[in-house]
Amino acid sequence: MAAKSVVFTIGVFDGVHLGHQALLRETVSLAKKFKAEPQVLTFDDHPVHILRGGPKVPFLLTRPAAFAWLKRKGAKEVHALHFTKAFSRKTPEQFVQWLRAKGDLKGVVVGHNFRFGKGARGDVRFLTQLGKKYRFEVKVVQPVRLGGKVVSSSRIREALVSGQTKLANRMLGRPYAIEGLVIHGKQLGRRIGFPTANLKVKEDLLLKDGVYACAVKLGQKFYRAGMNLGRRPTFKDDDHHRHAEVHLLHYYGRLYGKQMTVHLLSYVRPEKKFASPALLVKQINKDLVKIQKASLIGLKAR
């Protein structure tokens, strides 16, 4: 049986941002040219972490979420390489031989700064030479720029942790989203007239503490919502761990035990300690005015 014709794009694809989407579009286009299948080679952990050690590089999306987005953008198959130091010792040509074993390789699509092989000795020029030798086409995609700067995962992380949610969303091409299980809380929101769904989230969530305008999809409908991320400093009897509390507008069903995806539309304000719950309520009402006006563009079309 003849091997399947394939075109690969290669990268970490952390976040599947506008730059990654450009790679996917070129991969799909090249695959059509060769009547091949567009596929992605990525990693189950960040290569930088494997090679240098230290703390893990935080992904913008969970790996399953990233793989789902890659397929949504046109990839027929996503290969998550378990990258190791042993694998990193392959020469550039050995890496290409390994890739060719994945199918009848017709093309490879990479970014302009792509490096591969032992000691990152391989670059796009050498990859092009290997393409001529082994008869596959190489396409190099130039970076996408926004505001005069290259769109990158590190730039998106910086935007998120500094509260520049709209900028992060523009670089992603969609609202950034977090997921979590709705758990029972202390019902502090209900006590002041704003019941919330309490999400179980990681303490090192890549976001600035504060109030966000959000949208939550339940069934086929998006509900506007406000989310407070932080340590609830106004309440003296709280444990002051990091919490994500989501108040859905015009939704009255039960959510306990459900997985919830919260799409962040904009950053409203930093978290603040108020002198009394009454003053907090007054501020929440002001926040809700802004939350009601937040744009849902990028969500309704899904």
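Which residues does Valine 246 touch, not counting residues up to four places away in sequence? The legends below take this up after an overview.

**View 1. The whole chain of a predicted model.** Local features need pLDDT of at least 70, side-chain atom pairs count only at pLDDT 80 or more, and totals for chains, interfaces and linings use all residues. Residues are numbered from 1 along each chain as its sequence is written, and side-chain values use heavy atoms, with hydrogens and water left out. The protein chain holds 10 helices and 13 strands (DSSP runs of at least four residues for helices, H or I, and at least two for strands, E). Of its 302 residues, 49% count as buried (under 20% relative accessible area, 1.4 Å probe, protein chains only).

**View 2. Surroundings of Valine 246 in the largest nonpolar core.** Valine 246 touches Pro195, Thr196, Ala197, Leu199, Val216, Ala225, Gly226, Met227, Met260 and Val262, leaving aside residues up to four places away in sequence (contact: heavy atoms within 4.5 Å). This core has 33 residues (buried Ala, Val, Leu, Ile, Met, Phe, Trp, Tyr and Cys joined through side-chain atoms within 4.5 Å). Val246 is among the members that touch the most others, as are Ile178 and Leu207.

**View 3. A second, separate core.** Its 24 residues include Leu41, Phe43, Val96 and Leu127.

**View 4. Helix H7 (residues 153-161) against helix H8 (residues 165-172).** The two pack at an angle of about 155°, with axes 7 Å apart (lines fitted to C-alpha atoms over the stretch in contact; angles run from 0 to 180 degrees between N-to-C directions). H7 is therefore roughly antiparallel to H8 (angles over 145 degrees). Arg155, Ile156, Ala159 and Leu160 of H7 meet Thr165, Leu167, Ala168, Met171 and Leu172 of H8.

Technical notes: Angles under 35 degrees count as roughly parallel, over 145 as roughly antiparallel, 65 to 115 as roughly perpendicular and the rest as oblique. Buried means under 20% relative accessible area, exposed over 50%, partly exposed in between (1.4 Å probe, protein chains only).
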